[in-house]
Amino acid sequence: MKELIILEITKSFSITELSKLTNKTRPTIYKYVNEYENKNFDMLPYSFKVLFDMISSDEYSKEEIVNYCKRKFHVKESEIDMSEVMNLLNN
């Protein structure tokens, strides 16, 4: 069952994508997924519970989920990692 939830959440988004969309580290995303799958919702930020509910549901498109992330986890321009910019330029 543990892997089932992770697979459900990652079927549309990889952990890396979620990390970028939410401005959280990959270990933090794994921790939140673990809390979600164990139903420890008190240990999980509400915005992530809603996000994981959306991902686990068939009611929302990927675009709707991305828009939710943009609204809830907006990354300010000054918070953009310069190494990521350099990687994009190199590619």
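Contact here means heavy atoms within 4.5 Å, and by that criterion residues 24 or more positions apart account for 49% of the contacts in the chain with a separation of 6 or more. The model is predicted, so that local features need pLDDT of at least 70 and side-chain atom pairs count only at pLDDT 80 or more, whereas totals for chains, interfaces and linings use all residues. Residues are numbered from 1 along each chain as its sequence is written, and side-chain values use heavy atoms, with hydrogens and water left out.

**View 1. The whole chain, with 6 helices and 0 strands.** Helices (H or I, at least four residues) and strands (E, at least two) are DSSP runs numbered from the N terminus, and from that terminus the elements run α-α-α-α-α-α. Buried residues, meaning those under 20% relative accessible area with a 1.4 Å probe and protein chains only, make up 29% of the 91 residues in the chain.

**View 2. The packing of helix H2 (residues 15-22) against helix H3 (residues 26-37).** The two helices pack at an angle of about 105°, with their axes 9 Å apart, where axes are lines fitted to C-alpha atoms over the stretch in contact and angles run from 0 to 180 degrees between N-to-C directions. That makes H2 roughly perpendicular to H3, a term that covers angles of 65 to 115 degrees. On the H2 side the contact involves Ile15, Thr16, Leu18, Ser19 and Thr22, which meet Arg26, Ile29 and Tyr30 in H3.

View 3. Thr22 is buried, with a relative accessible area of 2%. Leaving aside residues up to four places away in sequence, Thr22 touches Ile29, Phe48, Leu51, Cys69 and Phe73.

**View 4. The largest nonpolar core, with 19 residues.** A nonpolar core is a set of buried Ala, Val, Leu, Ile, Met, Phe, Trp, Tyr and Cys residues joined through side-chain atoms within 4.5 Å. The residues with the most contacts inside this core are Ile9, Leu18, Phe48, Leu51, Phe52 and Ile55. H2, H3, H4 and H5 are the elements that give two or more residues to the core, and the largest share, 5 residues, comes from H4.

Methods. Angles under 35 degrees count as roughly parallel, over 145 as roughly antiparallel, 65 to 115 as roughly perpendicular and the rest as oblique. Buried means under 20% relative accessible area, exposed over 50%, partly exposed in between (1.4 Å probe, protein chains only).
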